[in-house]
Amino acid sequence: MLLSGDEGVGKLKFALEIAKSFVCAAPVNGEACDVCSQCRRADKFSLPKSDEKEDHERVVFSDHPDVGMVVPYNRNILIKAIRHLESEANYRPYEAEARIFIIDDAHKMNDPAANALLKTLEEPSSTIYIFLVTSRPDKLLPTIRSRCQSLRFVPVTIPQIEEYLISERAFTHDEARLAARLSRGSIGRAVSVNVDEFRRRREKLMGVVGNAIQHGALAPMLKTAEEMNDPKDKSAFEENLDVIQSLIYDVWTINVSGDHSRVINSDLEGHLRLLAAEAGKHDLPRWLASIDTLRENLAVNINRKIAADALVVGMTD
């Protein structure tokens, strides 16, 4: 089965719940009881650390011997891990009636790894279930997709995310409102938002967007672009891109529709409206597309400093 949808919408959790239902000793209406030993062990994984390549070359089993997972090593799923899955798929279940294998971020399989998986998909055992979890199903080989049943996960609504953050994660109403709008429909992304850190970054990067729209002065923008690229914290670069993109999106939304309900940074709406009033001469959709392209190119280890410089230069055209 192919489980696809945006990051953080519950695809992996759903796969694990299905795995638990297969191994559960006393399922209730087809669902795991979450009480028996099998359920409690099925989703308990000790995943390898990011620098442990050898451990990424194998299927990682949970505390239950019939539930295994393949996870990427950096940006790739290693062919040895898929070959190990192929080997394990030949064994009958140890405790349950079936064995379940989950391939997380399945789009990170290169062609050799995907072709190795095809052998198992073409001749599946009756006691084997494989779940491919991905946010980029288009990156999978057509021959892989054609051999899977597909289930698409849609984004969660903003009100639902707000309610969850307030009731389950102890967010304040203001924090929940901002985090939910930043999440793009992803519970996982919303939970991971550090609202205070986001606002700190936003205060600095608001000057970049404002300068690009009102003045187009290149020197201060290049200085900020250099600050965006912290070699000691690579994740900060993508977080900065998220902040800039949210601000540009808001200005563009206000400029085009004036619909305040779609504004992400609603606490800054007054300032954003002033920028929107002056943004008509700029191609904001092109700016947003440039950020999307830059984010995609991060997968091939581009020079981030040059990429950031190119981004802000493009915003001054």
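Arg184 is partly exposed, with a relative accessible area of 45%, in this predicted model. You will find Arg184 in the loop between α7 and α8 (187–192), and its phi is near 55 degrees, a positive value in a residue other than glycine. For context, most residues other than glycine have a negative phi.

**Positive phi at Ala170**
- Ala170, which is not a glycine either, has a positive phi near 60 degrees.
- The loop between α6 and α7 is where Ala170 lies.
- Ala170 has 68% relative accessibility and so counts as exposed, the cut-off being over 50%.

**The α6 and α7 pair**
- Two packed helices are described by the angle between their axes and the distance between the axes.
- Here the axes of α6 (residues 158–169) and α7 (residues 173–182) come within 9 Å and cross at roughly 135 degrees.
- The two helices, α6 and α7, are therefore oblique to each other.
- The crossing of α6 past α7 is right-handed.
- On the α6 side, the contact is made by Ile158, Ile161, Glu162, Leu165 and Ile166.
- On the α7 side, His173, Ala176, Arg177, Ala179, Ala180 and Arg181 take part.
- By type, the residues of this contact of α6 with α7 divide into 7 nonpolar, 1 polar and 3 charged.

- Six strands form an open sheet with mixed pairing, in the order β2-β3-β4-β5-β1-β6.
- At the edges stand β2 (60–61) and β6 (150–152); each has a single partner strand, so one side of each is left without a neighbour in the sheet.
- Strands β4 (residues 99–104) and β5 (residues 128–134) run parallel and are joined by 6 bridges.
- If you want a pair to locate on screen, Ile100 has Tyr129 in β5 as its bridge partner.
- Packed on the sheet is helix α3 (residues 79–88), which touches β2, β3 (67–70), β4 and β5.
- The direction of α3 makes about 170 degrees with that of β4.

**The chain as a whole**
- The chain holds 14 helices and 6 strands.
- Its C-alpha trace spans about 70 × 40 × 35 Å along the principal axes.
- Of its 317 residues, 45% count as buried.
- Among contacts in the chain with a separation of 6 or more, 64% are between residues 24 or more positions apart.

Notes:
Residues numbered from 1 in each chain as written. Predicted model: local features only at pLDDT ≥ 70, side-chain atom pairs only at ≥ 80, totals over all residues. Heavy atoms only, no water. Pairing = 2+ DSSP bridges. Helix = DSSP H or I, 4+ residues; strand = E, 2+ residues; numbered from the N terminus. Contact = heavy atoms within 4.5 Å. Axes fitted to C-alpha atoms, helices over the stretch in contact; angles between N-to-C directions. Parallel < 35°, antiparallel > 145°, perpendicular 65-115°, else oblique. Left-handed = near helix turned anticlockwise from the far one by under 90°. Nonpolar A, V, L, I, M, F, W, Y, C, P; charged D, E, K, R; others polar. Buried < 20%, exposed > 50% of the residue type's maximum accessible area, 1.4 Å probe, protein only.
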